[in-house]
Amino acid sequence: MDLFPATLAYLARYAASTEHLRQVLRRKVQRRAARSDAPPPDSTAMEAAINDAVSRAAGLGLLNDTELAASLARQYRRRGESMVKIRSRLLAKGLQTADIETALLPLDDDERAAAETYAKRKRLGPFRLSPGKPDQPKRDLASMCRAGFSLTIARQVIERREGSGDFDPE
């Protein structure tokens with residue numbers, strides 16, 4: 001069973017980590033087996049074919065988990081995601097902890113700026129177009145905290161405080 005053409009087709013469309021590509025290929029083999037009348041391949045043959053396809057792709061330079069982690073981390077930070085959220089999203093992509101830590105090093109540690117960007121994008125707090133419900137500030141704080149920001153930073157952004165005084169919303 002040659003999975004390399006399927007590997008190339010997938011990598012032509014999507015950036016993937018090594019582990020994520022393995023998961024995709026496993027699902028592909030299982031779907032193929034379910035559609036055909038032939039008996040399903042044994043797990044050792046399936047894993048050997050998957051390992052072969054993944055190693056060939058890696059040998060051609062099509063898989064680079066370190067570069068993928070760095071690229072995704074920069075993309076998520078530009079969107080205003082917290083470091084906690086970025087770390088969890090990269091882990092969910094099947095990236096190794098060492099690659100994630102390397103990717104997070106060059107990112108700015110300004111959680112406040114990221115929280116501002118997130119609030120603007122989601123239209124929370126002072127960026128809301130309409131006043132909302134009476135308990136809207138609590139809802140906005142909860143949204144910011146679910147996004148991985150600390151309560152202190154979320155309050156500063158939602159209540160538009162910077163240290164001791166108010167600041168201009170523009």
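Where is serine 36 found? I looked it up: serine 36 sits in the loop between α2 and α3 (43–59). My labels follow DSSP runs, numbered from the N terminus, where a helix is H or I over at least four residues and a strand is E over at least two.

**Ground rules.** I'm working with a predicted model, where local features need pLDDT of at least 70, side-chain atom pairs count only at pLDDT 80 or more, and totals for chains, interfaces and linings use all residues. Residues are numbered from 1 along each chain as its sequence is written, and side-chain values use heavy atoms, with hydrogens and water left out.

**Confidence.** I checked pLDDT, the predictor's confidence in each residue, from 0 to 100. The protein averages 89, and 94% of its residues score at least 70. Helix α1 (residues 4–13) comes out highest at 95, while strand β2 (residues 165–166) is lowest, with a mean of 44. Over residues 162–170 the pLDDT stays under 50. For that stretch I noted eleven contacts beyond four places in sequence, a contact being heavy atoms within 4.5 Å.

**Overall layout.** I found nine helices and two strands. Read from the N terminus, the order is α-α-α-α-α-α-α-α-α-β-β. The radius of gyration, taken over C-alpha atoms, is 22 Å. A compact globule of 170 residues would be near 15 Å, by the rule of 2.2 Å times the number of residues to the power 0.38. Along the principal axes, the C-alpha atoms fill a box of roughly 70 × 35 × 25 Å. I also looked at contacts between residues at least 6 apart in sequence: 62% of them join residues at least 24 apart.

The protein exposes about 10300 Å², using the Shrake-Rupley method with a 1.4 Å probe, and for residues only the protein chains shown count as cover. Carbon and sulfur atoms supply 52% of that area. Of the 170 residues, 37% count as buried. Buried means under 20% relative accessible area, exposed means over 50%, and partly exposed is in between (1.4 Å probe, protein chains only).

I then compared where the charges sit. The mean positions of the 30 positive and 23 negative charges are 6 Å apart. Lys and Arg count as positive, Asp and Glu as negative, with His and the chain ends not counted; each charge is placed at NZ of Lys, CZ of Arg, CG of Asp or CD of Glu.

**Serine 36 again.** With a relative accessible area of 35%, serine 36 is partly exposed.

**Valine 29.** Is valine 29 buried or exposed? Its relative accessible area is 3%, so valine 29 is buried. It belongs to helix α2 (residues 18–35). Beyond its neighbours within four places in sequence, I see valine 29 in contact with Met1, Leu3, Pro41 and Met46. Arginine 128 lies 99 residues along the chain from valine 29, with 47 Å between their C-alpha atoms.

**Alanine 113.** This one is in helix α7. I have alanine 113 down as partly exposed, because its relative accessible area is 30%.

**Arginine 123.** I stopped here over the backbone: arginine 123 is not a glycine, yet has a positive phi of about 55°. It is found in the loop between α7 (111–122) and α8 (136–146). Its relative accessibility is 43%, so arginine 123 counts as partly exposed.
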